[in-house]
Amino acid sequence: MGLFDRIKRAFTGEDAVVKEELKEKDSPIVFESYDKGMEKTRKNFSEKIADLFSGFRELDEEFYEDLEEALIGADVGFDMTIALTDAIRDEIEAQNVYKSQDVKRVMIEKMVEIYQRGEQVSNQLIKNPDGPTVILFVGVNGVGKTTSVGKIAYQLKEAGHSVLMAAADTFRAGAVEQLTVWGDRLNIPVVTGRDQGDPASVVFDAIKKANTEHYDYLLVDTAGRLQTKIHLMDELAKIKRIIERENPNGIQEVLLVLDATTGQNALIQAKQFNEATEITGLVLTKLDGTAKGGVVLSIRYELDIPVKFIGLGEKAQDLQVFDSEQYFYNLIKDVIEPQ
């Protein structure tokens, strides 16, 4: 059963059933992680919607203006807010809806529909069928990039894969040492180079080792402090050339790490990085510490880049594979059944 069907059933009085299904689909632990990690975002969203409907009388222009204000306040983003409001208006007129609960249902259904774009969004890492799977991590300093490399390496190792990490962020003070600490803690080898040295040389050594010793995964931490887009493009292009020359299937993933607490600034970063290099997926960190988790929707709408991992806490296992069903349910459940 798809997300759209679950949401509709939740609005028809089957919220408890949908909740149990989601617990069984992944695990109670995953469900509770989303429940706890999205608490601030859910509260922000539900409060905005509650305020919108507190004095609900009729569906006039004032209501739609207030709806736009509520969605923007929930960090859904301007472009998606306009598209969503237009879609809600059209559906309400088509269904001749006028009751507040039915209006809420239409609103959530259209939000899911626009997010999914009529297709199943894959959150799975792309695998290399021949040789090591190479994943590049990009992003500005301070977003949790190096920590995300370590956490994903932990999860891959726990799943039974052999993992190698490359500390190619040679420009940030402490970045190499930080990844080395993760390696020591997890018993995962880390390829390093000189401070302020050439990141591409680190990647060259790492891809050689990954191929020679038959590692399943190579995770590459790249520099986040490059002063211009040209420098970013040149550095990443150099790294890509080396990997493609030494690895039969090149790079499988370029994951952009974003800090959810920055809200719409994360969308701006995603646009800039996507112009510089082809981003295949996003890692959204620190969602548990912010009310701005609605940025997931605007990134998907404007850039069509899937979120692949989402940070719901400090522990390694709290960086969860992104599940759109868990995300949407935990975003809107208080709208369905006010707490």
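1. Start with N44: it is buried, at a relative accessible area of 14%. For the wording here, buried is under 20% relative accessible area, exposed is over 50%, and partly exposed is in between, using a 1.4 Å probe and protein chains only. N44 sits in helix α3, residues 39-54. Helices are DSSP runs of H or I with at least four residues, strands are runs of E with at least two, and both are numbered from the N terminus. Leaving aside residues up to four places away in sequence, N44 touches G73, A74 and A291, where contact means heavy atoms within 4.5 Å.

2. A word on what we're looking at. This is a predicted model, in which local features need pLDDT of at least 70 and side-chain atom pairs count only at pLDDT 80 or more, while totals for chains, interfaces and linings use all residues. Residues are numbered from 1 along each chain as its sequence is written, and side-chain values use heavy atoms, with hydrogens and water left out.

3. Back to α3 as a whole. The helix has 16 residues and covers 21 Å from first C-alpha to last, close to the 22 Å expected at 1.5 Å a residue; that expectation is 1.5 Å times one less than the number of residues. Its buried residues are T41, R42, N44, F45, S46, I49, L52 and F53. They pack against α2, α4 (61-73), α6 and α13.

4. D35 is buried, with a relative accessible area of 19%. Beyond residues up to four places away in sequence, D35 touches R42, N330 and K333. With K333 the contact is a salt bridge between side chains, 2.7 Å from N to O. K333 lies in helix α13 (residues 324-336) and D35 in α2, so this pair ties together parts that are 298 residues apart in sequence. Both K333 and D35 are buried.

5. How many salt bridges are there in total? The count comes to 18, taking a salt bridge as a side-chain nitrogen of Lys or Arg within 4 Å of a carboxyl oxygen of Asp or Glu. In general, side chains of opposite charge can pair when their charged atoms come close. One of the bridges joins R245 and E246, with the closest N and O atoms 3.1 Å apart; R245 counts as exposed at 57% relative accessibility. Another brings together the side chains of D304 and R300 at 2.4 Å, N to O. Here D304 is partly exposed, with a relative accessible area of 36%, whereas R300 is buried at 3%. Salt bridges that share partners also link D35, R42, K333 and D334 into one network.

6. Now the nonpolar packing. The largest nonpolar core has 80 residues, and those with the most contacts inside it are F45, M111, L136, L218, L297 and Y327. Such a core is a set of buried Ala, Val, Leu, Ile, Met, Phe, Trp, Tyr and Cys residues joined through side-chain atoms within 4.5 Å. The largest share of this core, eight residues, comes from α6. At least three residues come from each of domain 1 (3-117 + 330-336) and domain 2 (133-321), with bounds taken from an automatic or database domain assignment. Apart from this core lies another, of 23 residues, among them L156, M165, V176 and L255.

7. Not counting residues up to four places away in sequence, L136 touches V220, T222, L236, I239, I243, I251, E253, V254 and L255.

8. Two backbone spots to check. N96 has a phi near 55°, a positive value in a residue other than glycine. N96 is in the loop between α5 (78-95) and α6 (100-116), and counts as exposed at 61% relative accessibility. H214 also isn't a glycine, yet has a positive phi of about 60°. H214 is in the loop between α9 (199-212) and β4 (217-221), and at 64% relative accessibility counts as exposed.

9. Last, the annotation. An unreviewed UniProt entry assigns "domain: SRP54-type proteins GTP-binding" to residues 306-319; UniProt positions follow the numbering used here, feature names are shortened, and annotations may be inferred rather than shown by experiment. In the model, the end C-alpha atoms of residues 306-319 lie 16 Å apart, and the span is 0% helix and 43% strand.
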